[in-house]
Amino acid sequence: MALKQILMNNSKRYTITAALPYTNGPVHIGHLAGVYVPADIYARYLRMTGNDVIYICGSDEHGVPITIKAKKEGISPQDVVDKYHAIIKKSFEDFGISFDNYSRTSAEIHHKTASEFFRKLYDEGKFIEETSEQLYDEEANQFLADRFVVGTCPKCGNEESYGDQCEKCGTSHNATDLINPKSAITGNVPTKKMTKHWYLPLEKYEKWLREWIVEGHKNDWKANVLGQVKSWLDDGLKPRAVTRDLDWGIPVPVENAEGKVLYVWFDAPIGYISSTKEWALREGKDWEPYWKDKDTKLIHFIGKDNIVFHCIIFPAMLKAEGTYILPENVPANEFLNLEGNKISTSKNWAVWLHEYLEDFPNKQDVLRYALTANAPETKDNDFTWKDFQARNNNELVAIFGNFINRVVVLTDKYYNGIVPEPNEFSDIDNETLEKMHKFPSIIGNSIDRYRFREASQELLNLARLGNKYLADEEPWKMIKVDEERVKTVMYVALQIATALAIVSEPFLPFTSEKLKKILNIGAKELAWNDVEEKEELLYPNHQIGKGELLFAKIEDSEIQIQLDRLEATKLTNISENNVVEPQKETIEFDDFTKLDIRVGTIVEAVKVPKTKKLLQLKVDVGIDIRTIVSGIAESFNPEDIIGQKVTVLVNLAPRNLKGIQSMGMILMTNTPDGKLAFIEPENDSVANGAQIS
Ligand SMILES: [Zn+2]
């Protein structure tokens, strides 16, 4: 009771936000690993430690990409966002993401909140109003900004930078900054046309941002976040338009602004506030302390592509408004790749959450665990299905599941599922229990520092502790010689199983629930700190429930289905990108007969030193065995092509390549993924020197 009291007094208020998913596609594992899983672990942990927590999210439904998608599919932007909002919301629920509220930016409460926010800044003169020349597509009859325009990034030279942001270097800029801009709608070179917009003068906040983040948070924000922020500030900030000429979005709430809407990156972060309001209305709470009380900790979970918006633009908006708190931390993650390639919605190179949930029913925790154990916290990481399988089979099944299974089976077998009364503890018992009591603070410490990967490995270490204890004590052998000792051993093992049920909840909520049921303890009966503070978690004579497997082995065949699906995606993408060169100009038959093309066999192959592409070959072309230098080293290892049948142009004038006289040319073609392939006769009996005509 006294401890609970202290805990309540120490409890803090947290507003945790997760980046609003953009509704032009479903959610994939990259989003989950970068944002939603770590934020969910954090929120669940803080709730369990007695804090006042709201975990807020919603669909981001405005902006240019949605209008482009709608145009392509011949439906309205509202149809696009309705479709994906439903898929995303349901997949999050099924996956156990514990949002307190999931809203959407097309909701009325958001339109009202964002309009009022803009209007307040407008009335207080916080914007610059400017009529200037903007890019315009005469054919489409439309101003070009954001993704309506592509061009060369002024910073890194990427030729496919968008109007608002370069995806290659992460720089955010205005469309007019692009070099050689082109309309993404028609491909035309845009003209310029006068139009009026409102700008947030970011340069006015530069000094303050530097003091607040670069100086003030240099010790507690992640290095990747600080690095990006510092680089933008060093480049110098410029006024940033917060309105657009577009018909999809929140109308600019001032007179003479017809046909203009708020820039999606102005309205989206305000979505966190409107989602909080929606929650408060439903729950009969006051929303304001969660956004305006200086004792509230505001934490934004985002991916690295959103750092500029959450660390520069949104804070500047909040500072300009004046009544809001600022984020305490923005623990942005790096990117997760899939099987070695960048995840891409447009290329369908992704593992989609709603599909995963269908393919692996009741295995939410396996994906949660695999993504956490391999989270891209400090650098880009790679998700592979083999790693996913190994995490499940070698860690969740073999360590966590195995320990629980042994404890439950033995308790059932020896004591009909009743927790035995322990005898005197041995040194090993005391040490083991002492170690167990430390795990909540070890794991909590990692979570507090946003090191979810490390935290997940500590969770597994608790299961390892239990496994090792059983393996050392061997109750299954001891039962024959010392029944009293086994009571103590099983009592200790049951304490560890209970500790696992509690501290696994933020990471493996479905497993934690199952395990509590097996142990027959209430969902909220024990708090996080109880594992540390209570001498005894499960009392003697307590009846536990029936055993049930927590995790099942994932077979190679299940993994193969996923790999095959990705392989099929790869082939589809290749055939869609298949460019066939146009036919060359007509030649006469005599031109062709000049070519002496023969079948040959490679008899020797070595790399040409100091070159990347060249192999020196000895080829038997029937006439003789000759040296040919061929640029195929990037596609073939020399040792693999000895004995390869090839087609050779034998009467090509000798050429000197890297000091080697090359007497002919091996004819090659290309595979769709850019590798070289030999041309060989389909019949093996064709001899060296046979002519091709
Ligand atoms: Zn760039």
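Me: Buried means under 20% relative accessible area, exposed over 50%, and partly exposed in between, with a 1.4 Å probe and protein chains only. In which class is Asp387, with a relative accessible area of 22%?

Reply: This is a predicted model, in which local features need pLDDT of at least 70 and side-chain atom pairs count only at pLDDT 80 or more, while totals for chains, interfaces and linings use all residues. Residues are numbered from 1 along each chain as its sequence is written, and side-chain values use heavy atoms, leaving out hydrogens and water. With its 22%, Asp387 is partly exposed.

Me: Which residue meets Asp387 in a salt bridge?

Reply: A salt bridge is a side-chain nitrogen of Lys or Arg within 4 Å of a carboxyl oxygen of Asp or Glu. The distance from N to O is 3.5 Å, and the residue is Arg391.

Me: How many residues apart in sequence are the parts that Glu129 and Lys196 tie together?

Reply: Glu129 and Lys196 form a salt bridge whose closest N and O atoms are 3.6 Å apart. Glu129 counts as partly exposed at 44% relative accessibility, and Lys196 does too at 22%. Glu129 belongs to strand E4 (residues 128–137) and Lys196 to strand E9 (residues 191–201), so the separation is 67 residues.

Me: How many salt bridges does a search of the whole structure find?

Reply: Another one of them joins Lys477 and Glu474, at 3.2 Å from N to O. Some salt bridges share partners, linking Asp40, Arg44, Arg368, Glu505 and Lys516 into one network. Over the whole structure, the search finds 48.

Me: Are helices H2 and H14 parallel, antiparallel, perpendicular or oblique to each other?

Reply: Axes are lines fitted to C-alpha atoms, for helices over the stretch in contact, and angles run from 0 to 180 degrees between N-to-C directions. The axes of H2 (residues 29–48) and H14 (residues 427–448) come within 10 Å and cross at roughly 130°. Angles under 35 degrees count as roughly parallel, over 145 as roughly antiparallel, 65 to 115 as roughly perpendicular and the rest as oblique. H2 and H14 are therefore oblique.

Conventions: Helices (H or I, at least four residues) and strands (E, at least two) are DSSP runs, numbered from the N terminus.
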